Amino acid sequence: MTNSGCTRAGLSLIVVMAIVMLAACSDSDGTVVPDDGADAGDGALLPSLTTQIEHWAQTGVFLAAADCGQCHTASRPGDEPAVMRMPDPLISENQPAADGADISPFYDWKSSVMANAFTDPYYRAVVKHETEVFPHLAGFIEDTCLTCHSPMARTHAHQTGVSLVQDESCLLEDGCYRADQAMIDPHAREGVSCTACHQITDSVLSGETNSGNFDIAAADQPGAFTIYGPYQAPVGQAMQNLVGYTPAFGLHMADSRHCASCHELFTPTLDMVTDLPNGEQFPEQTPYAEWENSDLGPQGSGVSCQQCHMAREGISADYQTRIAVTANGTVNQNWPERSPYFPHVMIGGNTWLLDTLEIFREELGRGEINQAGEFAATARLTREFLRTAAELLPANPVRSTEELAFDLTIRNNTGHKLPTSFPSRRIWVATRVTDGNDQVVFDSGFPDANYHLTVDAGFTAADCMTIKKPAAFDSAGCFQGHIRQVTAPEDIPIYEVVLGSTTDAITHVLLYASAALKDNRIPPRGFDSTVVPDYVMPVGVAGDADFNLANAGEDTIAYRLPLPATAVAPFRVEATLYYQGIRPTFVKAAHGEHPWIREFEGIVSVNPPRAEVMASVNFLVE
C-alpha cells in the first residue's frame, strides 16, 4: 500500500488520537491528518490511502461518476426553474426550490456507502483476514468480493482480460482480479458507481439473482453503452453527444431484484477440517428473500428496496423535477419533469463507515472529492432512518411488594429481518428501572464507552475467538441465547445471527460458516415461518410462543424483576433498543498481519462501532 501525500510533519500520535476521539464523539466537520502509517498501538495503523482520482479516463464501458455528474447535478443556486433541489414547503412541496439543498444523484451518491464500497476499511480488513486464513484461495476470494465492491473494475478485467492474475489461489480459468490491483485502479476505488448500476441489464429479472450474478454488456456486445433508467421515453441526444451512452427505459431499475443481484449473497462453505469446499453454500445475507416473504413484498404492497432506501424526508412520490441540466449548467425547459424522483443517498444502517469516512476523510483518500461535513450529513440521515425501523411497546405493568413485572414488544417496521444483511450486526434491549427515590433498582444492557456490553467480555474470550476449536467444543458460552424472560441484569435480549462451522462450533470466519447456531432476528410483518425457504427460517427460538406470533413481525420480552426491600413506588422504566453494525466479536475476529487489517484495528481504536438508538420508551408503574 502506498502512503498518502497528505501529512502533517511533527504531529504527535497522542495529539492525533485525542483530536480524533473528540471528532468521533461529535458531529464535528473537522478532519485530522496523522503521520503516514502512524502506529495506533499494538501494531495497529491509522489509514493512509492515496488520494482518490475523481475524473479518470473512460475504461471499457465504464465512466467516472464525476463525468455523469456534469449534467446529473442540481441547477445553480437561485436559478429558475430549479432542478433536483429540496422543495420549499411554503411555496410547493412537490417542486424543487431555487435555493433548496442539492439532492442530485452525484452529490448524494458521493457521500454514500455505495460510493465507498471498496474504501470501506472493515470490508478490506475482512477480505484480507479471509485470505490469510485461506491463502490457497486468496485470488478467488478477492475476485469474488470485488464483483460487488468494485464492480466496474472487476467486470472490465473479465471482459477484456486486462489486470487478471492466474496462480494456484485462483479457481477461475481466465484469472482473478486482485485487491492490490484494485487499490491502484481509479475505477475500482470508485466502488458502486453510476455506470455499474445503470448498465446492469434486465437479466436480473429472471433466473438466480444473487451473489453478483448480474450482466453488463461488453463493448463488443449488443446493447453496449446503454444506460438504463426508471423513466419512459428518455431524452437521449445530449447524453449520446457528451459521453457516448444511450439512455433507455429499464423496468428492472425500480425492481428489488436489481438490488438483490449483490445484496442477496450466498458464500461457499469450507470444511473446518480440510479447508476445502464441501459443495454447500451459506446464506451470508438474504434481505431479498426476507422481503419477498413479507407484507411489503411482491405478494403484498410491493414496496421495493428503492422506495425505502432511495428516499429523503420531504421528497414525496409527487415531487417532480428534471433529472439533468445542460453541460453548461443551465436548465433546458424542454426536457420533461420526472416523478417519482429517487434520491441517491441509498441509506441503510452503516453509520460506523460514514463516521469513519468523515473522521479520516483525507487519510482514506476522499479529501478532494468530499467536503468536510458531507459524510456527517449522510450519517445523520442514516440515524434518522434507523429510528423509523422499529418500535418498543410496553404492556401489562404489574407491581407487587417483591416484583416488578411488565412486557416489552419489539415491532419490526422494515421489509426484512431486524437487523438484516451482514452477520456482524445486532440489536438489543437495554433497561433501567429507578424508584421513587431516584435509586436504580435494575440496570441491564446499556453499553460502555466503547459500546461493549457486560456479556461481551465472555463472548470475546480467547477460546471463543480461536479459529480452530477443539473437538466437541461447547459454543454455548460464546453467545447469548434467545431471551424470553428477563429476571437478572445478564439477561440481555440480543437479536443476531451466530455463525456455526461444519463442526458445529461458533465461527467468525465467513467461509467456515455452514449453518446458523442462532438466528432470532425479528422477521418482517407477514413472514410465515411455515412456508419460507429453510435458509431464512429463525433458529434458536423454539419454545417462544410469541416470537413472530400471527406473523406480526414482533417479539415480546417478559420482564420479571425482583425489587429490593428498600425500593419505593412509583417506578420509572427506561427501555432502549440499540443497533450495532459491527459487534465486538466481529471486530476482534478481523485480526492479522496485512496493513489493511492493522488499519482497521487502528480506526476502531479511535472510532469503535457505535450503539445507535433505534427506539426508546419511558413509562411509570405506580
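Modeller: Before we start, a cavity here is a set of grid points where a 1.4 Å probe fits but cannot get out. Keep in mind that this is a predicted model.

Biologist: Thanks! How much space lies in the largest cavity?

Modeller: About 100 Å³. The structure holds 6 cavities of 30 Å³ or more.

Biologist: Which residues are closest to the centre of the largest one?

Modeller: Cys478, Phe479, Glu496, Arg583 and Thr585, out of 15 residues that line the largest cavity.

Biologist: And which elements supply at least two residues of that lining?

Modeller: Helix H16 (456-459), S14 and H18 each do. S14 gives the most, with 3 residues.

Biologist: How does the lining split by class?

Modeller: You'd find 7 nonpolar, 4 polar and 4 charged residues around the largest cavity.

Biologist: Okay, new topic: the largest nonpolar core. Which members touch the most others?

Modeller: Tyr122, Tyr177, Trp352 and Phe600, in a core of 42 residues. Among the elements that give two or more residues to this core are helix H4 (121-133), helix H14 (351-359), strand S14 (494-500) and helix H18 (584-589). Helix H19 (595-606) is on that list too, and H19 provides the largest share, 6 residues.

Biologist: Is that the whole story, or what else is there on cores?

Modeller: There is a second, separate core of 33 residues, and its members include Ala390, Phe406, Ile522 and Tyr559.

Biologist: Now Gln199. Where is Gln199 found, and is Gln199 buried or exposed?

Modeller: Gln199 sits in the loop between helix H9 (194-197) and strand S5 (226-229). Gln199 counts as buried because its relative accessibility is 3%, and the cut-off for buried is under 20%.

Biologist: So what lies 2.8 Å from a polar atom of its side chain?

Modeller: The backbone oxygen of Thr195. Leaving aside neighbours within four places in sequence, Gln199 is also in contact with residues including Val61, Phe62, Asp215, Phe225 and Tyr245.

Biologist: Last one: which residues of helix H11 are buried?

Modeller: In H11 (residues 256-263), Ser256, His258, Ala260 and Ser261 are buried. They pack against helix H5 (138-149), H9, helix H12 (287-292) and helix H13 (305-309).

Biologist: And what caps the N-terminal end of H11?

Modeller: Asp255 does, with a side-chain oxygen 2.8 Å from the backbone nitrogen of Arg257.

Definitions and conventions:
Residues numbered from 1 in each chain as written. Predicted model: local features only at pLDDT ≥ 70, side-chain atom pairs only at ≥ 80, totals over all residues. Heavy atoms only, no water. Core = buried A, V, L, I, M, F, W, Y, C linked by side-chain atoms within 4.5 Å. Buried < 20%, exposed > 50% of the residue type's maximum accessible area, 1.4 Å probe, protein only. Helix = DSSP H or I, 4+ residues; strand = E, 2+ residues; numbered from the N terminus. 1 Å grid on protein atoms, 1.4 Å probe; cavity = no way out; pocket = protein on both sides within 12 Å on 5 of 7 lines; lining within 4 Å. Points joined across faces, edges and corners; volume = space filled by probe spheres on them. Nonpolar A, V, L, I, M, F, W, Y, C, P; charged D, E, K, R; others polar. Polar contact = N/O pair within 3.5 Å; in protein donor to acceptor, adjacent residues only side chain to side chain. Contact = heavy atoms within 4.5 Å.
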